[in-house]
Amino acid sequence: MKREGGHFEPLQLRPANRLFGQSSYPFREAFLRCTQDVWLAPLEKIAFDKDPESARKHINDWVEQQTAKRIVNLLPARSVNAGTRLVLVNALYFKAAWEDDFNPEATKQLPFFVSVETPVKVPTMFRNAHFGYRRQSGYTAATIPYTGGELQFLIIIPDSKDGLPALVKSLSGAELTGLSKLDDDREVQLYLPKFRIASPTMPLEKHLQSLGMNAPFDVPPGSADFSRMGPRDPRERLVLSDVFHKAFLALDEHGTEAAAATAVALGLPGAIKEKPEPVELRIDHPFLFAIQHRSSGICLFLGRMSDPRG
């Protein structure tokens, strides 16, 4: 593409992990070696007990740097305190061009049904090309490759305009993985809205507990066991206190930019056929999407879009 004078932008995928631990806390050496050598998440000593607000700002600055300033203020005010002993942060930044761009001149204001009876006009891209495509019972899936071909943007749109909640409940992990390898020999007339997501910081501890993850949060009291990380002494033992997540994603004619970060805080207790006719696929009501590794089916980002207006 460079040789022919075309548009080219290298794919960027930058994962980063780091532990921020209370400088005076007796973490086990085996744990620190494992996180540094195996998980590439070295521990940075920090004084939560002396100045928790400065510690919070330092962590947020690190996340901002790792995500090209797309994730700002991951840890909200008062999310760490003098009793915080460890904050685990995972950040992921992704930016990639489509294998072939959408033509900006083909983008038009078209209806998107935010509900069955409520269409709104949103900028909608159009491209007639060969995409991954599969028609299933209840939904249609399509994939758009990014430059290099290893990653792709997966779209899963329910048949009915109000079918997203049922689709979310019924779609299994195995089925989602299976959609990573759709046949790309189908010509599709694809209408896809541009959108941008910039979520607020989302506390996840209640959602995780509702899914059955109780013991790490010390529910019932005494059930949290992080003794391979630090002391089991009741005065010093760790319990999971907070989990925060924040995401950003922007999709346009040239590709996708996305970032996400999660912080976990621990503290003290308290087959070949004849060529078919092109198929039209209008993404004009709420749908699921993923940025997916094609060969493994692993989803780097997974979300739902109910209103492209933001």
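Figure 1. The model shown here and in the following views is predicted. Ala 55, Arg 56, Ile 59, Asn 60, Trp 62 and Val 63 are the buried residues of H2. They lie on the same side of H2, because the arc that they cover around the axis is only 155°. An α-helix has 3.6 residues a turn, so residues three or four places apart point the same way. The exposed residues Lys 57 and Gln 65 are carried by the face of H2 turned away from its buried side.

**Figure 2. Length of helix H2 and the residue that follows.** The 15 residues of H2, at 1.5 Å a residue, should span 21 Å, and this agrees with the 21 Å that separates its end C-alpha atoms. Ala 68, which follows H2, has a positive phi near 55°.

Figure 3. Thr 67 is placed in the loop between H2 and E3. Is this residue, Thr 67, buried or exposed? Thr 67 has a relative accessible area of 0% and is therefore buried. A polar atom of the Thr 67 side chain lies 2.9 Å from the backbone oxygen of Val 63, and Val 63 is itself one of the buried residues of H2. Not counting residues up to four places away in sequence, Thr 67 touches Ala 91, Leu 92, Tyr 93, Ala 259 and Ala 260.

**Figure 4. Surroundings of Trp 98.** The loop between E3 and strand E4 (108-115) contains Trp 98. With a relative accessibility of 2%, Trp 98 counts as buried. The side chain of Trp 98 reaches the backbone oxygen of Asp 252 at 2.9 Å. Residues up to four places away in sequence being left out, the residues that Trp 98 touches include Ile 144, Pro 145, Tyr 146, Thr 147 and Phe 153. Leu 251, Asp 252, Glu 253, His 254, Gly 255 and Thr 256 are also among the residues touched by Trp 98. Gly 148 is 50 residues from Trp 98 along the chain, and the C-alpha atoms of these two residues are separated by 9.1 Å.

**Figure 5. Nonpolar cores.** The largest nonpolar core has 36 residues, of which Ile 144, Phe 153, Leu 190, Leu 192 and Phe 287 touch the most other members. Strand E5 (residues 118-136) supplies the largest share of this core, six residues. A second, separate core has 23 residues, among them Ala 55, Trp 62, Val 80 and Ala 263. In soluble globular proteins, nonpolar side chains tend to be buried together.

**Figure 6. Contacts of Leu 192.** Which residues does Leu 192 touch, not counting residues up to four places away in sequence? Leu 192 touches Phe 102, Thr 124, Met 125, Ile 144, Ile 155, Leu 251 and Ile 283. Ile 144 is listed with Leu 192 among the residues that touch the most other members of the largest core.

Figure 7. Thr 35 has its place in helix H1 (residues 29-37). A relative accessible area of 7% makes Thr 35 buried. Its neighbours within four places in sequence left aside, Thr 35 is in contact with Leu 19, Leu 40, Ala 41 and Pro 42. Cys 34 counts as partly exposed, at 34% relative accessibility. Cys 299 is also partly exposed, with a relative accessible area of 25%. The count of disulfides comes to zero.

**Figure 8. Backbone geometry in two loops.** Most residues other than glycine have a negative phi, and most peptide bonds are trans. Arg 78 has a positive phi near 65° and is placed in the loop between helix H2 (52-66) and strand E3 (84-97). Its relative accessibility is 75%, so Arg 78 counts as exposed. Asp 218 likewise has a positive phi, near 65°, and is found in the loop between H5 and E11. Asp 218, at 13% relative accessibility, counts as buried. A cis peptide bond, with omega about 0°, joins Val 219 and Pro 220. Pro 220 lies in the loop between helix H5 (205-210) and strand E11 (239-252).

Technical notes:
Residues numbered from 1 in each chain as written. Predicted model: local features only at pLDDT ≥ 70, side-chain atom pairs only at ≥ 80, totals over all residues. Heavy atoms only, no water. Helix = DSSP H or I, 4+ residues; strand = E, 2+ residues; numbered from the N terminus. Buried < 20%, exposed > 50% of the residue type's maximum accessible area, 1.4 Å probe, protein only. Expected span 1.5 Å × (residues − 1). Arc of directions from axis to C-beta. Contact = heavy atoms within 4.5 Å. Core = buried A, V, L, I, M, F, W, Y, C linked by side-chain atoms within 4.5 Å. Disulfide = S-S within 2.5 Å. Polar contact = N/O pair within 3.5 Å; in protein donor to acceptor, adjacent residues only side chain to side chain.
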